[in-house]
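Please look over the sequence and the 3D structure below. Then read on for a short report on pockets, salt bridges and the core.

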Amino acid sequence: MIARLRAAIAIPLFWFVVGATFYAAISPVPPMPPGAPSDKVQHIAAFITLTSLAIAAYPRAAWQRVLLCLVGFGALIECVQAIPALGRSPEWLDLAADGGAAAVTLLLINNARRFMTK
């Protein structure tokens, strides 16, 4: 039952958020969240969310694979932002924020899982 629920909700939600994040990252005029947080805060929030949803959607995935995929996604965003026609500019510190947020989130989730199984 949980597997069906995950397939029905968590997996589509994860991929929807991936698409929405990519769209926001490459839009010439990106949407501004309430409170107008800094660019790095937006990256951190997005990758905490993406990491949490990835774990919910794919709970058996190795943490290393999840981290590699999310860092790769962050790198893809920065590479696409380098396309002059988009009017965006890549910042490799954004990739560091993405990877750091994903790594810390994975660490916290893995520690919580260990604590809950004891």
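## Ground rules

This is a predicted model, where local features need pLDDT of at least 70, side-chain atom pairs count only at pLDDT 80 or more, and totals for chains, interfaces and linings use all residues. Residues are numbered from 1 along each chain as its sequence is written, and side-chain values use heavy atoms, with hydrogens and water left out.

Helices are DSSP runs of H or I with at least four residues, numbered from the N terminus.

## The largest pocket

Start with the term. A pocket is found on a 1 Å grid over the protein atoms alone, as an open set of points where a 1.4 Å probe fits, with protein on both sides within 12 Å along at least five of seven lines. Its lining residues have an atom within 4 Å of a point. Grid points are joined across faces, edges and corners, and the volume is the space filled by probe spheres set on the points.

The largest pocket holds about 530 Å³ of space. Its lining has 22 residues, and those closest to the centre are Ala24, Ala25, Asp39, Gln42 and His43. H2 gives the most, with seven. Sorted by class, the lining has 12 nonpolar, five polar and five charged residues. Here Ala, Val, Leu, Ile, Met, Phe, Trp, Tyr, Cys and Pro count as nonpolar, Asp, Glu, Lys and Arg as charged, and the others, Gly among them, as polar.

## The second largest pocket

The second largest pocket has about 280 Å³ of space. Among its lining residues are Phe14, Trp15, Val18, Arg65, Val66 and Phe73. H1 and H3 each supply at least two lining residues. H3 has the largest share, with five.

Which classes make up this lining? It has 10 nonpolar residues, no polar ones and one charged one.

## A salt-bridge network

A salt bridge is a side-chain nitrogen of Lys or Arg within 4 Å of a carboxyl oxygen of Asp or Glu. By this rule there are three. Lys40 pairs with Asp39 at 3.5 Å, N to O. Lys40 also pairs with Glu91, with the closest N and O atoms 2.9 Å apart. Asp94 is in helix H4 and Lys40 in helix H2, 54 residues apart. Shared partners join Asp39, Lys40, Glu91 and Asp94 into one network.

Are these residues buried or exposed? Buried means under 20% relative accessible area, exposed means over 50%, and partly exposed is in between (1.4 Å probe, protein chains only). Asp39 is partly exposed at 31%. Lys40 is partly exposed at 28%, and so is Glu91 at 36%. Asp94 is buried, at 3%.

## The nonpolar core

A nonpolar core is a set of buried Ala, Val, Leu, Ile, Met, Phe, Trp, Tyr and Cys residues joined through side-chain atoms within 4.5 Å. The largest one has 20 residues. Phe14, Phe47, Leu50, Val66, Leu70 and Phe73 touch the most other members. H1, H2, H3 and H4 each supply at least two residues of this core. H2 has the largest share, with seven.

Take Leu70. Leaving aside neighbours within four places in sequence, Leu70 is in contact (heavy atoms within 4.5 Å) with Phe47, Leu50, Thr51 and Ala102.

## Two single residues

Thr51 sits in helix H2. Thr51 is buried, with a relative accessible area of 0%. Not counting residues up to four places away in sequence, Thr51 touches Leu70, Ala102, Thr105 and Leu106.

Leu13 lies in helix H1. Leu13 is partly exposed, at 37%. The C-alpha atoms of Leu13 and Pro28 are separated by 24 Å, and the two residues are 15 apart along the chain.
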